[in-house]
Amino acid sequence: MQKSLALGAIALTLMSGTAFADTSGMKIAFSNNYAGNSWRQAMLQSYDLVTKKALADKVVAAADVFTTSDQQVPTQAAQIQNLILQGYNAIVIDAASPDALNGAIKQACDAGMVVVSFDGIVTEPCAYRVVVDFESMGKEEVNQMAKFQPKGGNLLEIRGLAGTSIDDAIHKGILEGIAAHPEFKIVNSVTGNWDQTTAQKAVATVLPSLPDVVGIVDQGGDGYGAAQAFAAAGKPRPTIIMGNRQDEFQWWKEQKDKDGYTTWSASIAPGLSTLAFWVAQQVLDGRKDIPHDLLVPYLAFTQDTFEAELAKLPKGGVASHEYTQQEALDAIKANIK
């Protein structure tokens, strides 16, 4: 009976958003290791949109953003140490490495700070992790490719930012997909940094020596660049998995209108940064029931749904969703076992 009453109280709190403490005087810092592509820019815009309202509503006293200049682990570690000295109550972090920052993360926790990682997560046990099932996304890319190219064939893989948890997880999922679909073979792999320009140059470099490929599996932000490289080289258009960017969707629509071209698109929503912010705020608010690992779905679009999303996106934009505080409470609730 007592257990039922306790569970009921937790559920009521989750639904109402009732505060346990006053966070209006608390400061949250955002440590970001990279801002050099459209996804990261959209992520920062989403964060700014939500935190500006939180500041106006006096939910927190500060929600400052700090982006490193060189993508290097030592630089971000030093940044975290500076944030500790500056007296922030919590850090939201998109990390350059899943484990190399653990020392600095532990220092922050030992100083009484709440640490919430997302996108590029950290493995330090004291930190919270807002986790997208990237491994499942990578595996699903190959499953989708099997629908478009049922006979199989050679694939080119475009990887993301080296050393990050995201790149490792998506790559692992793609390899699992290949194991389940032996009709496909990855014949080359390049690094695209989740950026169209970088991906286009990388693909163009290997194209002269690349055997014919039926498809490209990637990580988002690289599909349009890959398409441009193939077009510039006069190579046959492969099936390219997309990553929810406006230029990718626009190219997809043009190809669909021309000859019925089909593909699939998936990525993490840039607005996940706003869920990480609300998780930090809720922990500061006194919540003790939030699990340290919160699993949320990736954002995917099909042949039937991508055009409606394209109509909403500004030029250079990325499909996203910003979390309200109540949506964050719902996401937390869904992760409580």
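Me: What volume does the largest cavity have?
Reply: The largest cavity has a volume of about 110 Å³, where a cavity is a set of points on a 1 Å grid over the protein atoms alone at which a 1.4 Å probe fits but cannot get out, and a volume is the space filled by probe spheres set on points joined across faces, edges and corners. This is a predicted model, in which local features need pLDDT of at least 70 and side-chain atom pairs count only at pLDDT 80 or more, while totals for chains, interfaces and linings use all residues. Residues are numbered from 1 along each chain as its sequence is written, and side-chain values use heavy atoms, with hydrogens and water left out.

Me: And how many cavities of 30 Å³ or more are there?
Reply: The structure holds 1 cavity of that size.

Me: Which residues sit closest to the centre of the largest one?
Reply: Of the 13 residues lining the largest cavity (those with an atom within 4 Å of a point), Asp119, Ile166, Trp194, Gln219 and Ile268 are the closest to its centre. By class, the lining has 7 nonpolar, 3 polar and 3 charged residues, counting Ala, Val, Leu, Ile, Met, Phe, Trp, Tyr, Cys and Pro as nonpolar, Asp, Glu, Lys and Arg as charged, and the others, Gly among them, as polar.

Me: Which helices each supply at least two residues of that lining?
Reply: H2, helix H5 (134–148) and helix H6 (165–180) each do so, helices being DSSP runs of H or I of at least four residues and strands runs of E of at least two, numbered from the N terminus.

Me: Which side chain meets aspartate 119 in a salt bridge?
Reply: Arginine 40 does, at 3.5 Å, N to O; a salt bridge is a side-chain nitrogen of Lys or Arg within 4 Å of a carboxyl oxygen of Asp or Glu. The pair links distant parts of the chain, 79 residues apart, with arginine 40 in helix H2 (residues 38–56) and aspartate 119 in the loop between strand S4 (114–118) and strand S5 (128–132).

Me: Are those two buried or exposed?
Reply: Both arginine 40 and aspartate 119 are buried, where buried means under 20% relative accessible area, exposed over 50% and partly exposed in between, with a 1.4 Å probe and protein chains only.

Me: Changing topic, how many salt bridges are there in the whole structure?
Reply: A search finds 15, including lysine 253 with aspartate 257 at 2.8 Å, N to O. Salt bridges with shared partners join Lys253, Lys256, Asp257 and Glu307 into one network.

Note on methods
On a 1 Å grid over the protein atoms alone, a cavity is a set of points where a 1.4 Å probe fits but cannot get out, and a pocket is an open set with protein on both sides within 12 Å along at least five of seven lines; lining residues have an atom within 4 Å of a point.
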